[in-house]
Amino acid sequence: MKRLFDLAVALTATFLLAIPILIVSICILLTSTGPIIYWSNRVGQFNRLFDMPKFRSMLVDTPAVATHLLSNPDTYLTPIGSFLRKSSLDELPQLWSVLRGDMSIVGPRPALFNQEDLITLRTEHGVEKLKPGITGWAQVNGRDAVSIPEKVALDTYYLNHQCFKLDCYIIFLTLMKVLKRDHVSH
């Protein structure tokens with residue numbers, strides 16, 4: 001049932017957001033050199049690696065680490081990178097990962113391949129069994145503002161309580177947080 005829901009939401013969102021996706025693509029081309037899409041090596045279900053697409057918001061050759069680990073993240077942003085991140089428009093290409101089956105609409109956010117502390121803690125709590133999501137319980141409960149142990153506790157809560165009603169609630173909260181730009185640091 002969840003897979004059918006993911007496909008329906010991803011197809012509908014892709015159709016409804018086709019014009020904004022095109023506009024963002026053109027803006028990236030016009031404001032910085034490099035590809036429109038950045039493919040990030042991420043950890044998926046059962047700790048399998050997959051390539052996750054995002055609109056490129058950082059300069060080419062930015063180190064592949066979590067943004068909070070960069071000494072001065074703002075210096076790596078493209079001219080429209082901050083806007084893309086704060087508006088979450090950089091996440092739109094992940095609809096492709098949902099259609100492919102690498103991701104779900106709702107689930108824990110996929111860790112970077114080198115976030116060993118997060119991967120290890122999630123594995124200890126069984127969170128690796130979940131398909132990663134475009135949004136999730138940790139996203140709507142702090143996003144960039146929560147520590148790794150707090151994030152894993154929130155992911156574990158989702159693992160133990162996941163249901164259609166909770167997924168719908170998380171999607172609703174995500175839309176509200178995106179509109180308010182809550183808890184986005186870069």
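Residues count as buried under 20% relative accessible area, as exposed over 50% and as partly exposed in between (1.4 Å probe, protein chains only). The model is predicted: local features need pLDDT of at least 70, side-chain atom pairs count only at pLDDT 80 or more, and totals for chains, interfaces and linings use all residues. Residues are numbered from 1 along each chain as its sequence is written, and side-chain values use heavy atoms, with hydrogens and water left out.

**View 1. The aromatic cluster of Trp137, Tyr157 and Tyr169.** These residues are linked into a cluster by ring pairs. Rings of Phe, Tyr and Trp (its six-membered ring) pair if their centres lie within 6.5 Å; planes under 30 degrees apart count as stacked, over 60 as edge-to-face and the rest as tilted.

**View 2. The pair of Trp137 and Tyr157.** The structure holds three aromatic pairs. In this one the ring centres are 5.5 Å apart and the planes stand at 25 degrees, so the pair is stacked. Trp137 belongs to helix 6 (residues 137-140) and Tyr157 to helix 7 (residues 148-161), so parts 20 residues apart in sequence are tied together. Helices are DSSP runs (H or I, at least four residues), numbered from the N terminus. Trp137 is buried at 15% relative accessible area, whereas Tyr157, at 36%, is partly exposed.

**View 3. The pair of Trp137 and Tyr169.** With centres 6.3 Å apart and planes at 45 degrees, these rings form a tilted pair. Tyr169 is partly exposed, at 42% relative accessibility.

How values were computed: Helix = DSSP H or I, 4+ residues; strand = E, 2+ residues; numbered from the N terminus.
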